[in-house]
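Subject: The model to look at

Hi,

Here is the structure I promised to pass on. Have a look at it first, then read my notes below.

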Amino acid sequence: MADSSFDVVSKVDKMEADNAVNQARKEVDQRYDFKNVGASVEWSGEKILLKANTEERVKAVLEVLESKFIKRGISLKSLDEGKPYPSGKEFRLELSLKDGIEQDAAKKISKLIRDEGPKSVKAQIQGDELRVSSKSRDDLQATMALLKGADLDVALQFVNLR
């Protein structure tokens, strides 16, 4: 019997992220506490740019955006946020979306599977994703449960279960 396998990936659906940004933009435009403070949410190339006239307002805009990401089912672990910085008369905050599993995070996940997962399970790093294989599908499901329960700083999805 051939080995069963699945891939561990960390991807963000760009359309869902775009919808979350648009919803946040609409809410910021409509809310009374954001009137006359220059608050905005917009795409700036591959990054999301938040603007307001004070650092506290930028953080409030960030909270609105995070709530929209959560409602859309996008993990906040996939957001890479910087620090608010002054730019002229306004404060800005740039966010980027993490796509793919970085090499050191992949090694950490692979080590976790080796140490705590079922013995028949093998993990291979393939670029920015991980291929997990085993003869037993039950062991693969146990490995998925292990990774879901682990406190990793990467948003994980499981695809291509065969």
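Predicted model: local features only at pLDDT ≥ 70, side-chain atom pairs only at ≥ 80, totals over all residues.

Residues are numbered from 1 along each chain as its sequence is written, and side-chain values use heavy atoms, with hydrogens and water left out. The labels come from DSSP runs: helices (H or I, at least four residues) and strands (E, at least two), numbered from the N terminus.

**Around E6**

Strand E5 (residues 85-87) is joined to E6 by 3 bridges, and the two run antiparallel. (Two strands pair if DSSP finds at least two bridges between them.) Pro86 has Phe91 in E6 as its bridge partner. Strand E6 (residues 90-97) also pairs with strand E3 (residues 47-52), antiparallel, over 6 bridges; here Lys51 is partnered by Arg92. Strand E4 (residues 79-81) pairs with E6 too, in the antiparallel sense over 3 bridges, and Asp80 has Ser96 as its bridge partner. In case this is new to you: strands of a sheet pair through backbone hydrogen bonds, either parallel or antiparallel.

**The open sheet**

Now for an open sheet of 4 strands, in the order E7-E8-E1-E9 with antiparallel pairing. Strand E7 (122-126) and strand E9 (157-159) are its edge strands, each pairing on one side only. On average, neighbouring strands here are turned by 30° against each other, direction ignored. Between strand E1 (residues 4-9) and E9 there are 3 bridges, and Val9 has Gln157 in E9 as its bridge partner.

Which residues form the aromatic pair? Phe6 and Phe158 do, edge-to-face, at 5.6 Å centre to centre and 85° between the planes. (Rings of Phe, Tyr and Trp, using its six-membered ring, pair if their centres lie within 6.5 Å; planes under 30 degrees apart count as stacked, over 60 as edge-to-face and the rest as tilted.) Phe6 sits in strand E1 and Phe158 in strand E9, 152 residues apart, so the pair links distant parts of the chain.

**The helices**

Helix H4 (residues 137-149) lies across E1, strand E8 (129-134) and E9, running at about 15° to E1. (Axes are lines fitted to C-alpha atoms, for helices over the stretch in contact, and angles run from 0 to 180 degrees between N-to-C directions; contact means heavy atoms within 4.5 Å.) The axes of helix H3 (residues 103-116) and H4 come within 11 Å and cross at roughly 125°. H3 and H4 are therefore oblique to each other. (Under 35 degrees counts as roughly parallel, over 145 as roughly antiparallel, 65 to 115 as roughly perpendicular and the rest as oblique.) Their contact is made by Ile109, Leu112, Ile113 and Glu116 of H3 with Thr143, Leu146 and Leu147 of H4.

Helix H1 (residues 14-30) and helix H2 (residues 55-71) pack at an angle of about 135°, with their axes 9 Å apart. That makes H1 oblique to H2 as well. Among the residues that meet are Ala17, Ala20 and Val21 in H1 and Val61, Val64 and Leu65 in H2.

Cheers
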